[in-house]
Structures are given as C-alpha cells and as structure tokens.
Amino acid sequence: QVQLVESGGGLVQAGGSLRLSCAASGSIVSIGTMAWYRQAPGKQRELVAQISSLGSTNYADSAKGRFTISREYAKNTVELQMNSLQPEDTAVYYCNVNAKALFGARRDYWGPGTQVTVSS
C-alpha cells in the first residue's frame, strides 16, 4: 500500500504564502500523476494543480499565476507553493497520488488533508 503524509498548512493573512508538502511512502512500484485538491466548507472537492510523471502541469484557473506545483522524483514528494493567498483559498487541501503498489492495481491514493486558513 501507499501512505501519504501532508504538511505545511496553517493560518496566514491575506497576501501571504504557504508551502504544502506531501510525501508518499510504502511499497511503491511507480508513481504517476501527483496532485493537490481542496475542499471548502459546503463545497465540492476541486482540483487545484496536478503534475504528471513527465513533469507537465495543470492548474485550476483560480490557482494560475499564484500557485506552483513541483515534485521530487527521488523522494516521492509533491509540493504546492501558494502565494498571494486570499480568504477564498481557505479550505482543506488534499494530496492525491496515482500509484502502483507492490500488490494490487494502480489507483489513486489520498492524504488525510491539511487545513489552510487565510484571514482577511
């Protein structure tokens, strides 16, 4: 199986920055796309940014120009640098990793989530 551990959430004032990190561990054979999603209270979970195994990236319109996703292949980590944060960015942020573990089929794994709160 694959375990995901997130870190870096917290409380920040509007205009500030945070850097989220997610580390994948376990009996990993290979990792494909890595991504960050978020879910605000009363709203559906939405994609924030994703990065493929080849390094190509995709961002939600709300994240373009402010957030940057990156990954470190050797460490099986993915990070999300968030700048110019606004109160509407307040949400629980979830790491998502598509991976093949030693046993079982390739599938998506989710982290437990990390709270990001932006005060006005």
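**Reading a predicted model: loop, bond, core and pocket**

Modeller: N76 sits in the loop between β7 and β8. Strands (E, at least two residues) and helices (H or I, at least four) are DSSP runs, numbered from the N terminus. This is a predicted model: local features need pLDDT of at least 70, side-chain atom pairs count only at pLDDT 80 or more, and totals for chains, interfaces and linings use all residues. Residues are numbered from 1 along each chain as its sequence is written, and side-chain values use heavy atoms, with hydrogens and water left out.

Colleague: What is the phi of N76?

Modeller: About 55°, a positive value, although N76 is not a glycine. N76 is partly exposed, at 24% relative accessibility. Buried means under 20% relative accessible area, exposed over 50%, and partly exposed in between (1.4 Å probe, protein chains only). S84, also not a glycine, has a positive phi near 50°. S84 lies in the loop between β8 and β9. At 37%, S84 is partly exposed.

Colleague: Which residues does a disulfide join?

Modeller: A disulfide is a covalent bond between the sulfur atoms of two cysteines. The rule here is a pair of cysteine sulfur atoms within 2.5 Å. The count is one. C22 is joined to C95, S to S 2.1 Å. C22 lies in β3 (residues 18-26) and C95 in β9 (residues 91-101), so the bond ties together parts 73 residues apart in sequence. The torsion about the S-S bond is about -80°, so this disulfide is left-handed. C22 is buried, at 0%. C95 is buried too, at 0%.

Colleague: Which residues of the largest nonpolar core touch the most other members?

Modeller: In soluble globular proteins, nonpolar side chains tend to be buried together. A nonpolar core is a set of buried Ala, Val, Leu, Ile, Met, Phe, Trp, Tyr and Cys residues joined through side-chain atoms within 4.5 Å. Here the largest has 31 residues, and W36, L80, M82 and Y93 touch the most other members. β9 gives the largest share, six residues. Leaving aside neighbours within four places in sequence, L80 has contacts (heavy atoms within 4.5 Å) that include W36, V48, F67, I69 and Y93.

Colleague: Which residues line the largest pocket?

Modeller: Rolling a probe the size of a water molecule over the atoms shows where empty space is left. Here, the lining of the largest pocket is R38, Q39, A40, K43, Q44, E46, P87, E88, T90 and A91.

Note on methods:
1 Å grid on protein atoms, 1.4 Å probe; cavity = no way out; pocket = protein on both sides within 12 Å on 5 of 7 lines; lining within 4 Å.
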